[in-house]
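Q: Could you walk me through reading a sheet and the helices around it?

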Amino acid sequence: MSLDGMLPLVTALPDHLAGSERLLDGLSPRPAPAAPRRVLLCGMGGSAIAGDVARPFLARQGVDLTVWREYDLPSWADASALVVLCSYSGDTEETLTGARLAVAAGCPVLGIASGGELLARGRDGGWGRPFPVIALPAGLPPRAALGHGLGALLGGLHACGAIGSPAAASAAAVAVLREGVARLGPDVPENPAVRIARSLLGRFTVVYTTSPEAHGAGARLKAQINENAKSPAYAVALPELDHNDIVGWEVLRPRRDAFALVILRGGDEHPRTALRVAATLDLVGGEFHAVHEIGARGDGPLARSLSLVQFGDYLSCYMARAAGVDPVPVARIDALKARLRGGTAP
Ligand code: PA5
């Protein structure tokens, strides 16, 4: 695949989300409605991000979702919590470790995978009992399956009785994403994602996020810049960053040209945080080659979070194009997984 293999997948995000309802059709056995108020999502990388993006939407519905990027499980994961196991490949070892423990501990579990051991063991009960797994379309880079995975997560939580129907929120998100495709899809100089990509090229990107709706998009942008644009980035959240990050630039000031700042602004900013953005930029804006602000669009937390995700997805593809790198392969991730499986060392 090449850049022309990733860009259509970014453009397909609204279609993937819109079509995700169908993924629930084959859900077998159907999860028993349990109305869990606490949800633990075990996943890594491109499969975990659906949880970060869904968090503010779920919080509005009174559901506390914890994203667990670790081996094992937190001690509070018991029969009262729903454990959602997300692995696009179905073979990610951290997620499988949590999966086996959750099944053994009697937690209600729901899997989301395109194949692998997670899908197989859910169906055949090989870990002690069968559990429902939502099967995602196979053959995609995991991070390009976000629309499928997020739709499966929301639909699965609805099927489990954790939330009401996500249909209206999804439709609002799809509408804003379709507008985004028209605005951000064409590779033309007036496209803001193209313009910002050029300014980030060859630099270390720092991502500041201003509210819960933006925090998940910040984690996504960091990972997309890493994996698609093969470039370094980190993401850090307001208001916390005002208590440490702003002090950390002094020594690197002579190299300010090597750093660029992107601020992702959610629609749910606390008024004091909005004040902090201006004050923070007054203090640290000069430490960066360029500072770019991107505001969320649309109605409701899901639409707004996804509008920021989509901007970043396009941005990372345009960075890859400008850098002349192929956004699709993630050779080091593959090599690392192979080595830990006992295969070829990188
Ligand atoms: O984007 C990627 O390829 C990675 O971040 C993967 O998502 C991550 O390694 C986890 O794999 P999986 O999504 O198959 O569980």
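A: Happy to. Two strands pair if DSSP finds at least two bridges between them. Keep in mind that this is a predicted model.

Q: How many bridges join strand β6 and strand β8?
A: In general, strands of a sheet pair through backbone hydrogen bonds, either parallel or antiparallel. Here β6 (residues 204-209) and β8 (residues 259-265) are joined by six bridges in the parallel sense.

Q: In what order do the four strands of the open sheet come?
A: Read across the sheet, the order is β7-β6-β8-β9, with parallel pairing. β7 (233-237) and β9 (290-295) have a single partner strand each, so they stand at the edges, with one side of each left without a neighbour in the sheet. From one strand to the next, the twist averages 20°.

Q: Which strands does helix α8 lie across?
A: Helix α8 (residues 192-200) lies across β6, β8 and β9, and runs at about 150° to β9. Helix α11 (residues 301-323) also packs on the sheet, where it touches β6, β8 and β9, and its direction makes about 140° with that of β9.

Q: How should I read the crossing of α7 and α11?
A: Start with the axes: those of α7 (residues 167-184) and α11 come within 9 Å and cross at roughly 30°. Angles under 35 degrees count as roughly parallel, so α7 is roughly parallel to α11. Their crossing is right-handed. Residues making the contact include Val 176 and Leu 177 of α7, and Phe 311 and Tyr 314 of α11. By class, this contact has 13 nonpolar, four polar and no charged residues.

Conventions:
Residues numbered from 1 in each chain as written. Predicted model: local features only at pLDDT ≥ 70, side-chain atom pairs only at ≥ 80, totals over all residues. Heavy atoms only, no water. Helix = DSSP H or I, 4+ residues; strand = E, 2+ residues; numbered from the N terminus. Axes fitted to C-alpha atoms, helices over the stretch in contact; angles between N-to-C directions. Contact = heavy atoms within 4.5 Å. Parallel < 35°, antiparallel > 145°, perpendicular 65-115°, else oblique. Left-handed = near helix turned anticlockwise from the far one by under 90°. Nonpolar A, V, L, I, M, F, W, Y, C, P; charged D, E, K, R; others polar.
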